[in-house]
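The following paragraphs lead through a protein model, beginning with the surroundings of one residue and widening to the whole chain. Please keep the sequence and the structure in view while reading.

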Amino acid sequence: AQASGEHFFRTLVRQLARALDVRFAMVTECTAQPSPHLRTLAYLDGDDYLETIDYAVTGTPCAGVMAGEVCYYPEELNRLFQLGDLARESYLGVPLYDTQGNLVGHLAVLDDKPMQRTAREIAMMQFFAVRAGAEIERQRAALVGAAQQPGWSEKQVVRTLHDSVLQSLYSLTLLAEGWRRMVQRGTPVEMDEALAELGQIS
């Protein structure tokens with residue numbers, strides 16, 4: 001609930017992948033292209049985050065989502081869409097909207113094996129899509145606001161980035177200290193999740 005920016009998107013895809021027991025999860029935003037294009041904001045493959053990619057949706061399962069539909073392919077995804085070397089067998093994608101009803105991206109989970117999703121799980125995806133759409137809108141508004149500030153300069157941009165890094169380091173320090181105290185009190189700490197959270201912030 002308190003996460004924002006890249007940390008939010010990375011946390012979102014990781015938690016979705018765990019909750020739905022799938023290998024891949026991604027959240028994207030629409031880019032300014034003459035044809036429908038998406039750029040990944042976070043793309044998880046197992047335990048690893050993949051590099052940002054920008055791709056055309058034509059001929060992909062994402063095309064239907066960008067038409068405003070919930071798209072669910074429980075199996076044979078590669079055969080249906082000719083994805084080549086990509087090891088994708090199943091797909092569920094939902095659109096992201098801002099508060100004005102504009103389509104701003106999509107949220108999707110994929111797997112290298114067939115998947116069976118319930119109506120409740122699809123509804124959960126749509127619930128998180130609302131939060132993701134709001135975060136994209138918030139980020140875009142912040143960029144527009146910054147660009148419109150009178151006297152906004154490269155020096156101010158550097159200062160803002162510097163302060164963001166300091167805030168992240170402070171968050172790392174607080175988390176480490178909190179977990180240290182938990183260990184001292186004998187409170188169990190899930191090391192795998194703790195290290196994953198530290199990695200996401202860093």
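Leaving aside neighbours within four places in sequence, Thr 28 is in contact (heavy atoms within 4.5 Å) with Leu 38, Arg 39, Thr 40, Leu 41, Tyr 55, Leu 96, Val 104, Gly 105, His 106 and Ile 136. Thr 28 belongs to strand 1, residues 24-30; strands (E, at least two residues) and helices (H or I, at least four) are DSSP runs numbered from the N terminus. With a relative accessible area of 0%, Thr 28 is buried, where buried means under 20%, exposed over 50% and partly exposed in between (1.4 Å probe, protein chains only). Its side chain makes a polar contact of 2.7 Å with the side chain of His 106. Such a contact is a pair of N or O atoms within 3.5 Å; within protein, one must be able to donate a hydrogen and the other to accept it, and residues adjacent in sequence count only if both atoms are side-chain atoms.

The model is a predicted one, in which local features need pLDDT of at least 70 and side-chain atom pairs count only at pLDDT 80 or more, while totals for chains, interfaces and linings use all residues. Residues are numbered from 1 along each chain as its sequence is written, and side-chain values use heavy atoms, with hydrogens and water left out.

Most residues other than glycine have a negative phi.

From the N terminus on, they follow the order α-β-β-β-β-α-β-α-β-β-α-α-α. Of the 202 residues, 34% are buried. Among contacts with a separation of 6 or more, 53% join residues 24 or more positions apart. The accessible surface, computed by the Shrake-Rupley method with a 1.4 Å probe and, for residues, with only the protein chains shown as cover, comes to about 12,100 Å², and carbon and sulfur atoms account for 55% of this area.
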